[in-house]
Protein chains: 2
Amino acid sequence: MSIISDPQQIEKKSFEIIEGLLAGKGLASPDKDVIVRVVHATADPDFADAMRFSPGAAEAGIAALRAGCAVITDVKMLKSGISMVNSGTPSEVFCFISDDDTADSAKEAGTTRAAASMRKAHEMGLLNGAIVAIGNAPTALFELIRLVQEEGARPALVIGVPVGFVGAAESKEELAKVTEVPFITCLGKKGGSPVGASALNALIKLAKS
Amino acid sequence: MSIISDPQQIEKKSFEIIEGLLAGKGLASPDKDVIVRVVHATADPDFADAMRFSPGAAEAGIAALRAGCAVITDVKMLKSGISMVNSGTPSEVFCFISDDDTADSAKEAGTTRAAASMRKAHEMGLLNGAIVAIGNAPTALFELIRLVQEEGARPALVIGVPVGFVGAAESKEELAKVTEVPFITCLGKKGGSPVGASALNALIKLAKS
């Protein structure tokens, strides 16, 4: 077996295969860049059809990153997948799910730590102007939508791609109806930290180009 | 819309749905526990048919965890997804992909940092008796297989579930032929950090029960 071990060659060949898979879908940059990178991260072409962007969402994310926005994630896996942290774009990445006060307030409210972590970010005044990336917990996305619609939170962009059999599809359908803030999502049960991280990484790459 | 926000209820309902999806497949614990948790993490039932276990692989992983083994991952996303770190099981989780000397030796060898990180773990004597979990890089899995077959490395278990269009499926087919060490893998292009982390988390849960 001939193994391709050169990193540039692997990436080049991989993107050629993905270009072939997406041909004829009428995709254009920057949305196409996001979709290509999500399909690359998952090896799952289903995401090409499942992704949804509010008008100008990718552009809003790129502009926010260029302006030095912060990123808030629901889970540490998504945070770990963000490329080029400490490079100034994004300026900082926050994830509050493991904080003691997050656990306390989740227990008190009878909700998940992920949902409580969104409320904590809001109370700290971090949501406005930030990119919020949710890759795991539908409850975090539902809470974020509530904070936008009922408490006036205004993230620059919501990347909402939670995964799972309970609530994930429903939370993303709700996000797809949001008009107050730009969003990127993927309909259906599938999603996850690699989807959220790769979508954001596509925007980071564009912001730096 | 009625949102289920209680974490226990969400997990319970989710596992009921997955039990339904897996019914009739003739799965038994501990392999079934691994498959259930992978399908839970991905919301992708394709993994139920794609997963492969060498005889006694899950049991070998559980025994190694109970004996206090370490875990070595290819990427930080997989490391971040491992539950109950700092609880003694596993004893420690290593990921060398971002180390300066890993980058240097990768450049020198014309390979990926992920592949070089496996060699580094081997040179440090960390592979023997450890669980090696590879969720991203086919090159890391190919290198690990080489270290097992040519240099006598003897991990307690290899969880090899890299993802991608170039080399991932091939690397997992090679792993499925390995007889020297126990393995858990998923055939095909799909895989990823959530697959590796959830498979390992299922074993950690069983090791502690």
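Predicted model: local features only at pLDDT ≥ 70, side-chain atom pairs only at ≥ 80, totals over all residues.
In chain B, six strands form an open sheet in the order β1-β6-β5-β4-β2-β3, and the pairing is mixed. Strands β1 (51-53) and β3 (92-94) of chain B lie at the edges, each pairing on one side only. On average, neighbouring strands of this sheet are turned by 15° against each other, direction ignored.

## The sheet of chain A

Chain A likewise contains an open sheet of six strands, ordered β1-β6-β5-β4-β2-β3 and mixed in its pairing. Its edge strands are β1 (51-53) and β3 (92-94) of chain A, each with pairing on one side only.

Strand β5(A) can be followed through its pairing on either hand. With β4(A), strand β5(A) runs parallel and is joined by four bridges, and A133(A) stands opposite I159(A) in that pairing. With β6 (residues 183-186) of chain A, strand β5 (residues 157-160) also pairs in the parallel sense, over three bridges. In this second pairing, I159(A) faces I184(A) of β6(A). Helix α9 of chain A, residues 168-175, packs on the sheet and touches β5 and β6 of chain A, with a direction at about 150° to that of β6(A).

Both faces of β5(A) are covered. L157(A) and I159(A) are buried on one side, and V158(A) and G160(A) are buried on the other. Helix α4 (residues 57-66) of chain A lies across β4 (131-134), β5 and β6 of chain A, and runs at about 125° to β6(A).

Residue S117(A) is part of helix α7 of chain A, which spans residues 113-123. Its relative accessibility is 1%, so S117(A) counts as buried. Apart from neighbours within four places in sequence, S117(A) is in contact with D74(A), F96(A), I97(A) and T102(A).

## Packing of helices α1 and α2 in chain B

Helix α1 (residues 7-22) and helix α2 (residues 31-42) of chain B pack at an angle of about 115°, their axes lying 10 Å apart. The two helices, α1(B) and α2(B), are therefore roughly perpendicular. The crossing of α1(B) past α2(B) is right-handed.

On the side of α1(B), the contact is made by E11(B), S14(B), F15(B), I18(B), E19(B) and L22(B). On the side of α2(B), the contributing residues are K32(B), I35(B), V36(B), R37(B), V39(B) and H40(B).

## Salt bridges

Over all chains, the structure holds 27 salt bridges. One of these joins the side chains of E19(A) and K32(A), with an N to O distance of 3.0 Å. This pair links distant parts of the chain: E19(A) is in helix α1 (residues 7-22) and K32(A) is in helix α2 (residues 31-42) of chain A, 13 residues apart. E19(A) is partly exposed at 38% relative accessibility, and K32(A) is partly exposed with a relative accessible area of 23%.

In chain B, the side chains of D46(B) and K190(B) form a salt bridge at 2.8 Å, N to O. D46(B) lies in helix α3 (residues 46-50), whereas K190(B) lies in the loop between β6 (183-186) and α10 (193-208) of chain B, 144 residues apart. D46(B) is partly exposed, at 46% relative accessible area, while K190(B) is buried, at 17%. Both residues belong to a network of salt bridges that links D44(A), D46(A), K190(A), D44(B), D46(B) and K190(B). A further salt bridge connects K177(B) and E174(B) at 3.1 Å, N to O. K177(B) counts as exposed at 58% relative accessibility, whereas E174(B) is partly exposed at 24%.

Key. Residues numbered from 1 in each chain as written. Chains lettered and ligands numbered in written order. Heavy atoms only, no water. Pairing = 2+ DSSP bridges. Contact = heavy atoms within 4.5 Å. Axes fitted to C-alpha atoms, helices over the stretch in contact; angles between N-to-C directions. Salt bridge = Lys/Arg side-chain N within 4 Å of Asp/Glu carboxyl O. Buried < 20%, exposed > 50% of the residue type's maximum accessible area, 1.4 Å probe, protein only. Parallel < 35°, antiparallel > 145°, perpendicular 65-115°, else oblique. Left-handed = near helix turned anticlockwise from the far one by under 90°.
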